[in-house]
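Please examine the sequence and the structure shown below, and keep both in view while reading. The paragraphs that follow lead from the whole chain to its sheets, its helices and a few individual residues.

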Amino acid sequence: MDVMATPTVKEGLTLPNARAMASDAPGFLLETARRVGPFFRLGAGPLTLPVVAEPELLQHVFQKNSKAYGRGAAYDIYRPLLGNGLPVSDPPVWLYRRRTMQPAFHRGKGPDWVVTIRDATRPHLDALAAGQALEARPFFMNVTRDIIMAALFSSASVETAGLQETFTSVDAFVGSFGMSPVRLPLWVPTPTNRRFMAAIRRIDELLLGLIERRRADPSPPADLLTTLIRAKDPETGTSLTDVELRDEVVNLFIAGHETTASLLAWCVVALTRWPEARARAQAEVDNVLQGAEPTAERVERLDWLHATVREVLRYFPPAWLQAREVFEADTLRDVTLAPKDRVLLVPYVTHHRADLWDEPERFDPSRFLSERSIDAATWKYRYLPFGAGPHVCIGNHFAVLEAVTVLAMLFQKGHLEAKAPEAERPTMGLALMPSNGVPATFVPRAVKSD
Ligand code: HEM
């Protein structure tokens, strides 16, 4: 049988690849995949970069032969901030840390998480006034930042107040990670880099102080920091050192709120564009919560809202692309890969393929009504909002619970109506973000007259 050669998409004269990637990478990769197929090589100057949106090949890289691929050197310039945290490390460092941290994210923690999420969200929703104009993305950044701070550190202290302030200043810098093709190393003393390095020093000082006090506290609060301090590698019995804890906390902070804020902002876009889906979600919230506060048990029964969040994760996946460095020579179809080559894995394209989804451009939460699992195997590598294989998002259950709980609380009060939802294009930041930040208006629930 003849095997078709993998196409190479060369620099075009009218729309060079580099320019198209810079202005609308998701749209460009989707359009190219529709034209030439879901596995192609993208010409980028002297290099060609394999782009993968084919389930079988995604499974190969993410899972079956995952040892041949890793994060590699791509994150090295951010090490002063990120250290060797899970999202940026490779085995052997990654392996024992993942083993040690995994139990802290078990979905059985749901009841505690809902209380944390609820308490951190309430003040933001209580402050909304009828007709208030806001931008949904920054609004949800504030909500999810407070949630992850509460999940990590629970009680307020001098250190957590300082961390809150410093982490907020780091957000702007981190938001630009994905957008800048060239970034000067952090040791180059540009004004931005100097401010950023000062923030990192402050984070180190505050976090290491907090960890030291926590270790000495005979009855520490039951939050993620305490859980991680007590966690032991099930194979060796070793715990994380102070510096390892510092790295993981910083990475959890960054990985744990930016993506969820984007997801919630996309929910506002989607539910303004498709208001029947919102009306049904709001009716479900009324019916299941009956005006009461959300609990894990009640949130679990919000089937339509779960399906809606899953459909938004398909349509606008915040983690739309993952890059891998080749560690061991490998072959993808007819493409031979050598160590140090890079590969782009693009769930965004897979999620929009007409041969894998019935009318992929139709927003339809009912696709997910009978299937709650976020296990990649169930979806045969065509649905990958949280990645797959050994590096699958450790916070996936937390993230879904967070989005559903925040939306349920919002719908009890009203909803956010995006002003120009059609104008929001998927834009690359650290996460796939709506391009205009989603200007919106808060519309309260109509008061019942009876
Ligand atoms: C909608 C929200 C979220 C999305 C879309 C998302 C997506 C992802 C994806 C795709 C990966 C895999 C990256 C790769 O393969 O290179 C990942 C990894 C990770 N995520 Fe999430 N994430 C979300 C929320 C969270 C939350 C709430 C937390 C923590 C509380 C978290 C913590 C992590 C960590 C630590 C990793 C690294 C895992 C490892 O390599 O072992 N994420 N996430």
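The chain has 16 helices and 13 strands; helices (H or I, at least four residues) and strands (E, at least two) are DSSP runs, numbered from the N terminus. The radius of gyration of the chain is 22 Å, close to the 22 Å that the globule rule gives for 450 residues, so the chain is as compact as a globular protein of that length. Here the radius of gyration is taken over C-alpha atoms, and the globule rule is 2.2 Å times the number of residues to the power 0.38. Along the principal axes, the C-alpha atoms fill a box of roughly 70 × 55 × 45 Å. This is a predicted model, in which local features need pLDDT of at least 70 and side-chain atom pairs count only at pLDDT 80 or more, while totals for chains, interfaces and linings use all residues. Residues are numbered from 1 along each chain as its sequence is written.

Buried residues make up 40% of the 450 residues. A residue is buried if 20 or more other C-beta atoms lie within 10 Å of its own, exposed if 12 or fewer, and partly exposed in between, with C-beta atoms placed from the backbone. Among contacts between residues at least 6 apart in sequence, 76% join residues at least 24 apart; two residues are in contact if their C-beta atoms, placed from the backbone, lie within 7 Å.

Consider next the sheets. An open sheet of six strands has the order β1-β2-β3-β9-β6-β4, with mixed pairing; two strands pair if DSSP finds at least two bridges between them. At the edges of this sheet are β1 (8-9) and β4 (69-70), each of which pairs on one side only. Strand β4 is joined by two bridges to β6 (residues 322-326), and these strands run antiparallel. Within this pair, tyrosine 69 has valine 326 in β6 as its bridge partner. Helix α2 (residues 55-64) packs on the sheet, where it touches β2 (39-44), β3 (47-52), β4, β6 and β9 (342-345), and its direction makes about 120 degrees with that of β9. For such angles, axes are lines fitted to C-alpha atoms, for helices over the stretch in contact, and angles run from 0 to 180 degrees between N-to-C directions.

Another open sheet, of three strands, has the order β5-β13-β10, with antiparallel pairing. Why is one side of β5 and of β10 left without a neighbour in the sheet? Strands β5 (133-135) and β10 (414-418) stand at the edges, each with a single partner strand, so one side of each has no neighbour there. From one strand to the next, the twist averages 40 degrees. Three bridges join β5 to β13 (residues 439-444), and glutamate 135 stands opposite proline 439 in β13. Helix α6 (residues 136-153) packs on this sheet, touching β5, β10 and β13, and its direction makes about 75 degrees with that of β5.

The next element to consider is helix α4 (residues 93-101), in which Arg97, Thr100 and Met101 are buried. These residues cover an arc of only 90 degrees around the axis, which puts them on the same side of α4; the arc is that of the directions from the helix axis to the C-beta atoms. The buried residues of α4 pack against α9 (224-230) and α10 (242-255). In the loop between α3 (79-82) and α4 lies proline 92, which a cis peptide bond joins to proline 91, with omega of about 5 degrees.

The loop between α15 (347-351) and α16 (396-413) holds glutamate 359. Although glutamate 359 is not a glycine, its phi is positive, at about 45 degrees. Is glutamate 359 buried or exposed? With 9 C-beta neighbours inside 10 Å, glutamate 359 counts as exposed. Tyrosine 381, found in the loop between α15 and α16, has a positive phi of about 60 degrees although it is not a glycine. Tyrosine 381 counts as buried, with 22 C-beta neighbours inside 10 Å.

Finally, consider the nonpolar core. Of the 118 residues in the largest nonpolar core, Val52, Leu152, Cys267, Val268, Ala403 and Val404 touch the most other members. A nonpolar core is a set of buried Ala, Val, Leu, Ile, Met, Phe, Trp, Tyr and Cys residues joined through C-beta atoms within 7 Å. Not counting residues up to four places away in sequence, valine 268 touches Ala136, Leu416, Ala418, Val438 and Ala440.
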